[in-house]
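Reader: I would enjoy a close look at a single part of this model. Could you take your time over it?

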Amino acid sequence: MLAEAVSPNEYTFANALRACNNGGIDFGFVKQIHARIIFHGVDSNPIALNPLIDLYAKMGLISSAKRVFDNLDWKDSVSWVAMIAGLSKNGCEGEALHLFCEMHMNKVEVEPSVFTFTSAVSAAGNLAEVKQGKLIQAMIFKRGFDSEIEISNALITMYAKCGSISDSKRKFLEMAEKNDVTWNAMITAYSQHGDGLQAVNHFENMKKSGSVPNHVTFIGVLTACSHVGLVNEGICYFESMKKEHGLVPKPEHYACVVDLLSRAGLLSRARKFVEEMPIKPDPMVWRTLLSSCIVHKNIELGELAAKNLLDLEPEDSASYVLLSNMYAVSRRWNYRDQTREMMKNRGVRKEPGRSWIEVMNKIHAFFVGDKLHPLADEIYEYLEELNNRAADIGYVQDHNSLLNETEMEQKDPTLYVHSEKLAVTFALLSLPDGIPIRVMKNLRVCSDCHNWIKFISRISNREIVVRDAYRFHHFENGNCSCKDFW
């Protein structure tokens, strides 16, 4: 067309960009089209630029997408949807929610669509912003979108990610129509919250309803079986993927089976399963195996898993930390120190443990041994009181054998206070009685903190919900929803 000297318009560019999207994104060609859009003077026209916003977001070039969005003289509903969805999918959930609110607070004359609401709900879920999620749900109801299945599915997932499994269940039961995404969302929700039996029950009901399980379904049900120790059931479900449903297992399904076996202490069986896998084990498989070797103190298998893991991901700090912890719990301090030195020499930095909690519409973040909070003195003073009260009813602190005697005798023990203890203590100081405490953590909660929070839930008569990197833990009356099997 250009060779024939025919001048393109906004529709030409829109279709050319959609062709890029459908045929595999070519960054160089997209940039050329963008240059042509500017050259032909349609660089403020939403018809031409909406597909460009979408493409830049899909390529991870979110700053370029934002520049295009901001340059629009007039933004239609597609512009807002593309930008909100792009931000949400690129880890900018806070900005996505801010943009969604701007659309309403500034009374932008754009009628929100199903996709707009779905993107906003997803962003709220990823941020665990349950209050924002409920506000968006109220808007959904007001606009008459509450019966839309895509939005309902997003709400189920959002409430699950925010720690409110009861709201997920309520939304699920309200739905007159359910599809495979609906069932997957609920199965995954129960799995994440440690209710493996309900997840399995929903899987069976899904099959009875006529919905067809897919790869996502089996990740949910296999994870659920792993979290509650249903080994035989999990193996049967895994084998049924091919036999009954014609699904070829993906690497993540194999990792789920390794987790299922090794979490139950069947390490020899897990090793045999890995050796007989028809595909090459990926880092997830070796990391899962190494994690279980720490719990069961299997040095030989742990070193094998660590070797393969470090070969595949030499720059991943989690691999070194897991290996170091395995040597520590086995009291092999020299090997632990050598692993830390190797990590240092390779320039690999450990991700620090961090917990955060929302109090009075403000996010409070804590690191291990954190003393930067304005109420640090009160927090540590109350933490000592809580420790004493917990000890009176049976709590015994477990250092998880990660520290040797010299390290444990250092003068300032507060340096080793984990972030989740600080977050829970601060919440007890700040929140009125009866309000559930919801803490988020970027790493896996350790066994000592898990045990401590059980005692604190009993002392305080509070429900405490902790979302770590792997799952949710619901603590109440001295018990946890995971039944200490996580």
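Which helices do the buried residues of helix 13 pack against?

Author: Happy to walk through it. This is a predicted model, in which local features need pLDDT of at least 70 and side-chain atom pairs count only at pLDDT 80 or more, while totals for chains, interfaces and linings use all residues. Residues are numbered from 1 along each chain as its sequence is written, and side-chain values use heavy atoms, with hydrogens and water left out.

The buried residues of helix 13 pack against helix 11 (180–192), helix 12 (196–209), helix 14 (231–243) and helix 15 (251–263). Contact here means heavy atoms within 4.5 Å. Helices are DSSP runs of H or I with at least four residues, strands are runs of E with at least two, and both are numbered from the N terminus.

Helix 13 itself covers residues 215–228, 14 residues in total. From first C-alpha to last, helix 13 reaches 21 Å, close to the 20 Å expected at 1.5 Å a residue; the expected span is 1.5 Å times one less than the number of residues.

Helix 13 is mostly covered, with ten of its 14 residues buried. Buried means under 20% relative accessible area, exposed means over 50%, and partly exposed lies in between, using a 1.4 Å probe and protein chains only. The buried set is H215, T217, F218, G220, V221, L222, A224, C225, S226 and H227. An α-helix has 3.6 residues a turn, so residues three or four places apart point the same way.

Now for the two ends. At the N-terminal end, N214 caps helix 13, with a side-chain oxygen 3.1 Å from the backbone nitrogen of V216. A polar contact is a pair of N or O atoms within 3.5 Å; within protein, one must be able to donate a hydrogen and the other to accept it, and residues adjacent in sequence count only if both atoms are side-chain atoms. After helix 13 comes G229, whose phi is positive, near 75 degrees.

Positive phi also turns up in two loops elsewhere. K297 has a phi of about 55 degrees although it is not a glycine, and K297 sits in the loop between helix 17 (283–296) and helix 18 (299–312). R331, also not a glycine, has a positive phi of about 65 degrees. The loop between helix 19 (317–329) and helix 20 (333–345) holds R331, which is partly exposed, with a relative accessible area of 43%.
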